[in-house]
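Here is a short briefing to read beside the structure.

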Amino acid sequence: MIKQTIMKITEGYMPFKGYETYYRIAGECSEGKKPLVLMHGGPGSTHNYFEVLDKVAETTGHALISYDQIGCGNSYLDGHPELWTLETWTEELEALRRHLSLDECHILGQSWGGMLAISYLIDQKPKGIKSAILSSTLPGNSIWVKEQHRMISQMNPDEQEAIAKAEATGDFSSPEYVKANARYMLLHCAGEVTEDSPECLRRPKKAGSEAYLYGWGPNEYNPTGSLRDYEYTHRLDEIDVPCLIMSGTDDLCTPVVAKTMFDGIRQSKWELFPGCRHMPFVEDNDHYCRVLSEWLDEND
């Protein structure tokens, strides 16, 4: 008879700026193993999709710590547009490290979470970061916007026209634009959630739409919010920890964007996932978990 073990899951809340930040810890660290802190995308997504990585904690002895950034999920908050800034989310990450006594850890940022990781490493020069995993992210808005519009130019003429009209007028509510943008996201972000999708993807979540709009903008290719001036491409050589870059061939983070990070970060490795969009950790989960597990063990 095979004995099945149940991995320990710890949940809690951290006081932050008069509100609360939810966190979730999968597994426990074995002796000598450092935890991995996961920063989700958006701004305004949630930790939910990271639960597909739980088996990494189970098989490697590295605890995985995810959290819902203020403004979304179990840390939901709106009506405070002044909060949706890089400074707020950086303070939150630092507060979480103090709250959980994470003197040494690895960090993984996906999409916007990777932007947070890059700026954190460069601006704050934090101590105790063993390595960083930059998953489907970007080093600067200029290259990101250019690549998004290049991919838009490959869509059909009606879709291109609908997107161009919305950008020109600032009206992102027309049915034509909504349909075109939805197809763009289907091509490059993620597939539709179905009854066969992992439970953590099917689970209802409270997305931070205000955090996304005021932090980023109306869509992936128009950064008009507080992050509109995000540019670290020219400073990537200031990162002094090993970095693993992971991205898909059909990703919003195009191979051009990923290679820019690979070229700019001195201690870097790049894993490209064929056929994957913006979430290779979902679409090619076994491959992603294997590469991530090996990386954590090599860089403790």
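**Sheet, helices and pocket**

Strand 3 (residues 36-39) and strand 4 (residues 64-68) pair in the parallel sense, over three bridges. In this pairing Leu38 stands opposite Ser66 in strand 4. The model is predicted. Both strands belong to an open sheet of eight strands, with the order 1-2-4-3-5-6-7-8 and mixed pairing.

**The sheet**
- Strand 1 (9-16) and strand 8 stand at the edges. Each has a single partner strand, so one side of each is left without a neighbour in the sheet.
- From one strand to the next, the twist averages 20 degrees.
- Strands of a sheet pair through backbone hydrogen bonds, either parallel or antiparallel.
- Strand 7 (residues 243-248) pairs with strand 8 (residues 268-273) in the parallel sense, over six bridges.
- Ile245 stands opposite Trp270 in strand 8.

**Helices on the sheet**
- Strand 7, helix 9 (residues 255-264) and strand 8 make a β-α-β unit, and the unit is right-handed.
- Helix 9 packs on the sheet and touches strand 6 (129-135), strand 7 and strand 8. The direction of helix 9 makes about 165 degrees with that of strand 8.
- Helix 11 (residues 285-298) also packs on the sheet. Helix 11 touches strand 3, strand 5 (105-110), strand 6, strand 7 and strand 8. Its direction makes about 160 degrees with that of strand 6.

**Backbone points to check**
- Most residues other than glycine have a negative phi, and most peptide bonds are trans.
- Lys17 has a positive phi of about 55 degrees, although it is not a glycine. Lys17 is found in the loop between strand 1 and strand 2 (19-26).
- Gly42 and Pro43 are joined by a cis peptide bond, with omega about -5 degrees. Pro43 is found in the loop between strand 3 and helix 1 (54-60).

**The largest pocket**
- The largest pocket has a volume of about 990 Å³.
- It is lined by 37 residues. The closest to its centre are Ser45, Cys189, Ala190, Lys205 and Met279.
- Helix 6 (175-188), helix 7 (199-202), helix 8 (209-215) and helix 10 (280-283) are the elements that give two or more residues to the lining.
- Which helix gives the most to the lining? Helix 6 does, with four residues.
- By residue type, the lining divides into 16 nonpolar, 15 polar and six charged.

How values were computed:
Residues numbered from 1 in each chain as written. Predicted model: local features only at pLDDT ≥ 70, side-chain atom pairs only at ≥ 80, totals over all residues. Heavy atoms only, no water. 1 Å grid on protein atoms, 1.4 Å probe; cavity = no way out; pocket = protein on both sides within 12 Å on 5 of 7 lines; lining within 4 Å. Points joined across faces, edges and corners; volume = space filled by probe spheres on them. Nonpolar A, V, L, I, M, F, W, Y, C, P; charged D, E, K, R; others polar. Pairing = 2+ DSSP bridges. Right-handed = clockwise from strand over helix to strand, strands pointing away. Axes fitted to C-alpha atoms, helices over the stretch in contact; angles between N-to-C directions. Contact = heavy atoms within 4.5 Å.
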